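Got a new model open and wondering where the labels come from? Let's walk through it together, one label at a time.

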Amino acid sequence: MKRTIMLILAGTMMFCLGFQLSELRKSTAEPVPTAAAARMNEATPVDDEVEISAECNGMAISNNERILDYKGESISPASISGENTLVARFSTSACRPCVNALTASLNKFAAAHPDWHIVLMLKNIQLRDLYVMAPDFGPQFSLYACDSLAADFDNADTPVLFQLSPEGRIQNHFTCKYGNYDRTDRYLDTLQTKK
């Protein structure tokens, strides 16, 4: 009987030790990466931006869509195309540090390039707020309210910059990512070479 109890205890201890070792092996083993995780690890921030922009470049902004100025007058977003016109699209409820960094970069760009026109297409803004906000920007800026665009990116919560071709198609798309504000400045610095 004593021997049987000892064998049971020894067997139980071996089982527990084996279980613990297998759990230890699992925790120290390299996780098996998913295809998406592997792609993210391989991609540099620049590659990631190129990939995102490739999906957006060429998207059409319909002539049927309307944006409103502070007087309530509407125009087609496609009518604001121009070689020296840059569009910034974001929501007033977007990440405040992102919006502040973007507007600071745009003001700096406008001061250095007086021949450029910058259009802010803002989501979730009242027309009276457009009127109040306009003096914060120089004469190179036009502000418009636009709650919905067929080509909204990330529901306009992440600010984006782009240009429009004469046909109303997005080109030179750029996503202003949180914490990577210097990339926005680099995009603006190289914008003229992308024509």
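Below are some questions about how parts of this predicted model get their descriptions.

Q: What makes up the protein chain, in terms of helices and strands?
A: The protein chain has 6 helices and 7 strands. Going along the sequence, they come in the pattern α-α-α-β-β-β-α-β-α-β-β-β-α. Of its 195 residues, 35% count as buried.

Q: What makes the link between the side chains of Ser 91 and Ser 93 a polar contact?
A: The distance is 2.8 Å, and the cut-off for a pair of N or O atoms is within 3.5 Å. The two side chains make a polar contact.

Q: How do you know which way strand 3 and strand 4 pair, and over how many bridges?
A: At least two bridges are needed for two strands to pair. Strand 3 and strand 4 have 7 bridges, and they run in the parallel sense. One place to look is Arg 89, whose bridge partner in strand 4 is Met 121.

Q: In what sense do strand 3 and strand 6 pair?
A: Here it's antiparallel, over 3 bridges. With at least two bridges required, strand 3 and strand 6 count as a pair. Arg 89 turns up here too, standing opposite Val 160 in strand 6.

Q: Why is strand 6 called largely enclosed?
A: In strand 6 (residues 160–164), 5 of the 5 residues are buried, so the strand is largely enclosed by the rest of the structure. Both of its faces are covered. Val 160, Phe 162 and Leu 164 are buried on one side, and Leu 161 and Gln 163 are buried on the other.

Q: How many bridges join strand 6 and strand 7, and in what sense?
A: There are 4 bridges, in the antiparallel sense. Gln 163 has Gln 171 as its bridge partner in strand 7. The hairpin of these two strands has 5 residues between them, and Gly 168 takes a positive phi near 80° there.

Q: How do you know whether His 173 is buried or exposed?
A: Its relative accessibility is 4%. The limit for buried is under 20%, so His 173 counts as buried. His 173 sits in strand 7, residues 170–175. Val 160 is 13 residues from His 173 in sequence, and 7.2 Å from it in space, C-alpha to C-alpha.

Q: What puts the buried residues of helix 6 on the same side?
A: In helix 6 (residues 181–190), the buried residues are Arg 183, Thr 184, Tyr 187 and Leu 188. They cover an arc of only 140° around the axis, which puts them on the same side of helix 6. In general, an α-helix has 3.6 residues a turn, so residues three or four places apart point the same way.

Definitions and conventions: Residues numbered from 1 in each chain as written. Predicted model: local features only at pLDDT ≥ 70, side-chain atom pairs only at ≥ 80, totals over all residues. Heavy atoms only, no water. Buried < 20%, exposed > 50% of the residue type's maximum accessible area, 1.4 Å probe, protein only. Arc of directions from axis to C-beta. Polar contact = N/O pair within 3.5 Å; in protein donor to acceptor, adjacent residues only side chain to side chain.
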